[in-house]
Amino acid sequence: MTLTVLTTVLSFSMLTLAAGAAVPPAKLDEKQRTFFKDYCVECHNAEKLKGKLRLDDIPFALETVERADRWQKILNQINSGEMPPEDAKQPDTKAKTDFLEALSQTLVTARRTLGDSGGKIVVRRLNRREYRNTIRDLLGVDLDVSDLPPDSGNGTFDTVGSSLFMSSDQVEQYLTLGRRALDDAFTLHAAGTRPLKIHTELEKVAEVQLRGGLDYLTKKIEPYHQWTAAVDAASTKPENSAKAAEIHALDEVSKEPQRFYRHWADLKGAPSPVNFGFKDPAEGEGVKQYFDESSANVAKYFALPHVDTGSYLFVFIVRPQESVVAPKDWPPGQYTLRVRMAALEDTPAERHFIEVGHPTQPGAFDILSAHQITGSIEQPQTIEIPVTLTSTGSRTFAIREKRQNSREQEVAIAVLYRNKHKTWYPPAMWIDWMELEGPRNENAPQSKAAELFLEKSADLSEHDHGRQIIERFVTRAFRGSKPEDRFIESLEQIFDHRRSEGGTFESALKEALSVALAAPGFLYLSEPTQPGKPRKLTNAELATRLSYFLWSAPHDAQLRNADLTQPDVLVREVDRMIASPKSREFVAGFVHQWLGLDRLDFFQFNKQMFPQFDDSAKIAVRHEVFETFSHLLSTNGSLTRLLKTDQVVINGLLANLYGIEGVTGDAFRPVSLPANSPRGGLLGMAAIMAMGSNGERTSPVERGAWVLRKLLHDPPPPAPPNVPQLSRLADKTLSPRERILAHQEEPQCLQCHRKIDPIGFGLENFNAIGLWRTTERYTKASGGRKDWPIDPSGAFHKGPVFRDYFELRDHLAAKADQFARGFSEALIEYALGRPFSFRDEPLATEMVRRASEKDLAVREYILALITSREFQSK
């Protein structure tokens, strides 16, 4: 089918609603006119237009984009030091800094007001998360949507309609993905409900693989033995006896007898290693060394206890991972991976964690999850791990000991241990068996998309039966909105055309329905506008807006049928939705973007400096943020607990990372903290502190700016051009504080850094991965290093002083109103799908007011938003 035809089928119009009052302009305080008169107007006036720029009559109200752009250029010139010129009168540092700060903040306001959407909620398409969830809800299958373009842009949420554009290439992608989802649904349906199962006793696998591997190595080493025997035979000949003695007397041969064979060419009649399949003696030596080590390790392995009932997990050597492979004929769907295993006594607790994933190459994993092993050989534990089998993804599920996701790192672990201890790196866990079972039926297509598999009644023609399926499926795909007759007719034509070409009933159905899954009615959250004024959403529209806010997925039957115009019903449904596991989509989607957690993936953490901060640890610290917010949401806890609290929500892996005793297992749960713990609240989380680093060293600037943006709702302006780089100080022995304070020597830097840096310094007790420290080490590029004690003291700009991190945290906790305001604005933007604007100020104020009546309880913000006119109207 051509794209032109599809475009005709899929065409629709975008409708938006223009709203009310004019947005007040950003305006620079008139007292700054004095700065202009003193340092600018002399060269930029009606008579003297230097640079063709007149400033004596420039309006201080930034009412248009053009006027704001003009002021931005002025800011850039002053920031760069170009203006005032060197030979002109210069402002003192304080005057220049104050002016730059005032202008920068005015421009921040201008960007927001000039970008005001006017209260419009744009018809928007489903983002990647929502599309994946909607397909799962509709068909009971999981799709890999990573090939779709990223959704968010310009620092907005991925729910903001203005960044969710659509291209012709995406139409093709949606057609392909829709067809794949339908293929998977029909395949899974055809497999029926009988569970499939693979059970693997790992001692049997280890026996076969290790014995087989040893047989292979024995055959591979045989040519080397043949060659060395031939060289030995040549060395015993009379004509070689003197030379052979001379070679044996060499120091290198005395220390490593195997090196005798490197001198084969000096012995008359000795054969070349090339004749035996080795390019040189060193290659042969490598094969011999690997054979010797491997055969010794295998012998040592089979001497271990319990190898007759299970297998051991190693790093790099012997058994570095265990796996199970789903057969090719198993349908896609949700499966359960089970592992029965134990942690070994007298091995380090930090080695009692496994990773589950898809092996991609030696030493590398696509990690799905991590789990703590607490069972013993006497009482092994059985872990059940939900996994997804897709039609396009890997069918191999493997487990290994948690470690850095790097072949080089695992080799280094094993080799360094062997060199130091003259023995292998011992195992820390034992595995009895693995099994894979499924597919689980709770999301099966039979229950999710029953209309696809309707039996044909005797009185229906095949064409009418096809239309019946199409109409029912499309109505549900369009979230209960009845499609127009002409759209159904166009799908019928696609169905009929495919059948006329010899396609099966099923293939013709898939062809038509894949078009429906790329249609606006499915891909877009459509809410028709009413010309002239806003209108209240219908019950169905409100159910859809609510479900995509709190579930990132379609409404269920209960929500669709609830009378959401009744306040008590609405509140009851919101409570039910928050209690549903689906609300985790809201938590992860909103919190990840609100707090800017994508920065965790901007750089690699130094594996040598922080070996404990592997990919599983990084996943866990991110989940700590989600689980903490989820706990507050489910218990209706106070938002202030994100600023300071006496408990953390962690699991065994994080407890091990943080050094918190008495916490084991994979489940995240609240854990009380001892007095004076630096943990508790966002600032005590490794994810937040790790984002304020470059993977090796902390960045007080990044951390301070993050606090201003996210906790104090006072974002600093963008960095000006021509900022002096700290790299110019790379070879100077300066403390981190001295290095950062060098920025404040320049007025264009001081205006922001006097607010940012003190906060960042107060967080310096956390290292680059968010662990507590009391000293900082700096290593010069040219060599040499020096340690400094951490000095976390400081003072807020025009605010209170603090002696350490704990006092800083207390001051921030006292500013809960500012935090609450920023949270409210973010929630409005995420829920309404448009940037927060001037017109939303009263709504944000009301949300904070209502929440304040209940100690800033998290659900109160959501309820205040959902019951607002803005949320319930279009």
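Predicted model: local features only at pLDDT ≥ 70, side-chain atom pairs only at ≥ 80, totals over all residues.
Biologist: Which helix holds Pro-700, and what makes that stretch a helix?

Modeller: Pro-700 sits in helix H24, which covers residues 700-711. Helices are DSSP runs of H or I with at least four residues, strands are E runs of at least two, and both are numbered from the N terminus. Residues are numbered from 1 along each chain as its sequence is written, and side-chain values use heavy atoms, with hydrogens and water left out.

Biologist: Why is Pro-700 called buried?

Modeller: Buried means under 20% relative accessible area, exposed means over 50%, and partly exposed lies in between, with a 1.4 Å probe and protein chains only. Pro-700 has 4% relative accessibility, so it counts as buried.

Biologist: What does Pro-700 touch beyond its sequence neighbours?

Modeller: Leaving out residues within four places in sequence, Pro-700 is in contact (heavy atoms within 4.5 Å) with Ile-740, Ile-756, Gly-760, Phe-761 and Glu-764.

Biologist: Why does Asp-840 count as buried, and where is Asp-840 found?

Modeller: Its relative accessibility is 1%, so Asp-840 falls in the buried class. Asp-840 belongs to the loop between H28 and helix H29 (841-852). Not counting residues up to four places away in sequence, Asp-840 touches Ile-828, Arg-834 and Pro-835.

Biologist: How do you know that Glu-355 is buried?

Modeller: The relative accessibility of Glu-355 is 0%, so the buried label applies. Glu-355 has its place in strand E8.

Biologist: What makes the link between Glu-355 and Ser-616 a polar contact?

Modeller: A polar contact is a pair of N or O atoms within 3.5 Å; within protein, one must be able to donate a hydrogen and the other to accept it, and residues adjacent in sequence count only if both atoms are side-chain atoms. The side chains of Glu-355 and Ser-616 are joined at 2.6 Å, so the pair qualifies. Beyond four places in sequence, the contacts of Glu-355 include Phe-365, Arg-400, Asp-614 and Ser-616.

Biologist: What makes a space a pocket here, and how much space lies in the second largest pocket?

Modeller: On a 1 Å grid over the protein atoms alone, a pocket is an open set of points where a 1.4 Å probe fits, with protein on both sides within 12 Å along at least five of seven lines; lining residues have an atom within 4 Å of a point. The second largest pocket holds about 1,100 Å³, where volume is the space filled by probe spheres set on points joined across faces, edges and corners. Its lining has 39 residues, and Tyr-290, Ser-294, Phe-316, Ile-317 and Val-318 are the closest to the centre. Helix H10 supplies the largest share of that lining, eight residues.

Biologist: What makes a group of residues a nonpolar core?

Modeller: A nonpolar core is a set of buried Ala, Val, Leu, Ile, Met, Phe, Trp, Tyr and Cys residues joined through side-chain atoms within 4.5 Å. The largest core has 106 residues, and Phe-549, Leu-550, Phe-586 and Phe-590 touch the most other members. Helix H28 (residues 816-832) gives the most to this core, ten residues. A second, separate core has 47 residues, among them Leu-139 and Leu-525.

Biologist: How many residues does the chain have, and what share counts as buried?

Modeller: The chain has 874 residues, of which 51% count as buried.
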